[in-house]
Amino acid sequence: MNQPNITGHTKLIGLLGHPVDHSMSPAMHTASYAHMGEDIVYLSFDVEPEGLEAAVEGMKIMGFVGANVTMPCKTFVGQYLDELTPAAELMGAVNTVAIRDGKAIGHNTDGAGFVKNLENNGVAIEGAHVTLIGCGGAGSAIMTQLALDKVAHIDVFNAKDQFWNATMARVATVAEKTNTPIDLHDLADLEDMKSCALKSTILINATPVGMAPNTEGCIPTEDMLHEGLAVGDTVYNPRETKLIKMAKDKGLVACGGLGMLLQQAALGEEFWTGSKMDTKFIEDSFYN
Ligand code: NAP
């Protein structure tokens with residue numbers, strides 16, 4: 001693998017959040033820029049929400065190219081930025097910041113990465129009918145991006161727990177601002193989920209169900225997976241979840257979470273520097 005060429009001109013991209021020491025992003029993006037021959041290094045910085053304002057000012061003063069923002073900072077950093085893209089504004093969360101001409105611009109690639117992965121697998125987004133299971137961080141970003149990309153209808157399923165009212169409010173805001181019909185349903189009602197899935201062209205799992213070590217977990221039942229349905233999962237460990245295997249066995253288009261992760265990283269690099277990340281190189285180097 002190419003090594004970064006550290007010089008007096010080397011530029012920096014940061015990861016802001018807490019904790020950040022488990023992240024693969026520094027190795028992945030540094031390798032990606034070295035592979036493209038670009039003099040850019042990516043490092044992680046342990047920053048909590050109280051330190052974000054100073055961190056953003058510091059990045060501007062020190063000429064950073066930009067940053068990723070992870071938990072728990074995604075919903076706090078927007079207030080310290082100069083501009084937000086429509087996706088970041090509507091999601092109320094920022095995961096990518098670019099510094100351009102001394103201005104910090106916030107964006108969110110979580111939903112766009114997932115949607116790009118669907119498109120790369122030949123799935124039509126505009127006019128689609130979607131069943132979306134889970135509306136946490138990833139699920140609400142995906143819901144928002146699908147609405148911005150003009151799907152016809154979204155049925156969102158979430159547990160009727162302490163987050164139900166907040167989820168209802170988020171769904172109503174996205175529906176109103178994008179003029180998209182979005183209905184919220186109780187995840188416990190599997191008959192209702194089946195009737196929505198049978199009317200859908202896309203079904204998505206945006207819960208951690210199916211993630212290692214509980215790899216036998218899977219919310220949709222086999223009778224929901226009908227001909228013509230495309231299935232997407234946000235979970236990338238294991239690479240092939242039970243849901244993705246079930247969909248593949250039925251001959252359906254099935255898009256696992258690794259594709260989302262890679263496309264999200266690629267969209268970040270495009271936002272920072274306009275570069276086209278070699279996703280195949282990154283997949284082979286880090287995930288095979
Ligand atoms: P999150 O914010 O905690 O949201 C999790 C969602 O799943 C919530 O809607 C939650 O419901 C629901 N949920 C949690 N446990 C559940 C269970 N046992 N049964 C049914 N529903 C359950 O998490 P997140 O950040 O959205 O992450 C969700 C998944 O996406 C994780 O597996 C994560 O690894 C994956 N992810 C992948 C990528 C990628 O690049 N591929 C990026 C981000 C996330 P409540 O709101 O009611 O708790």
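The following questions and answers concern a predicted model.

In this model, local features need pLDDT of at least 70 and side-chain atom pairs count only at pLDDT 80 or more, while totals for chains, interfaces and linings use all residues. Residues are numbered from 1 along each chain as its sequence is written, and side-chain values use heavy atoms, with hydrogens and water left out.

Q: How many disulfides does the count come to?
A: A disulfide is a pair of cysteine sulfur atoms within 2.5 Å. The sulfur of Cys 218 lies 15 Å from the closest cysteine sulfur, that of Cys 255, which is too far for a bond. By this rule, the number of disulfides is zero.

Q: Is Cys 255 buried or exposed?
A: A residue is buried under 20% relative accessible area, exposed over 50% and partly exposed in between, for a 1.4 Å probe and protein chains only. The relative accessible area of Cys 255 is 3%. Cys 255 is therefore buried.

Q: How many of the eleven residues of helix 4 are buried?
A: Helices (H or I, at least four residues) and strands (E, at least two) are DSSP runs, numbered from the N terminus. Helix 4 covers residues 110-120 and is largely enclosed by the rest of the structure. Among its buried residues are Phe 114, Val 115 and Leu 118. The number of buried residues in helix 4 is eight.

Q: Which residue just after helix 4 takes a positive phi?
A: The phi in question is about 80°. The residue just after helix 4 with this positive phi is Gly 122.
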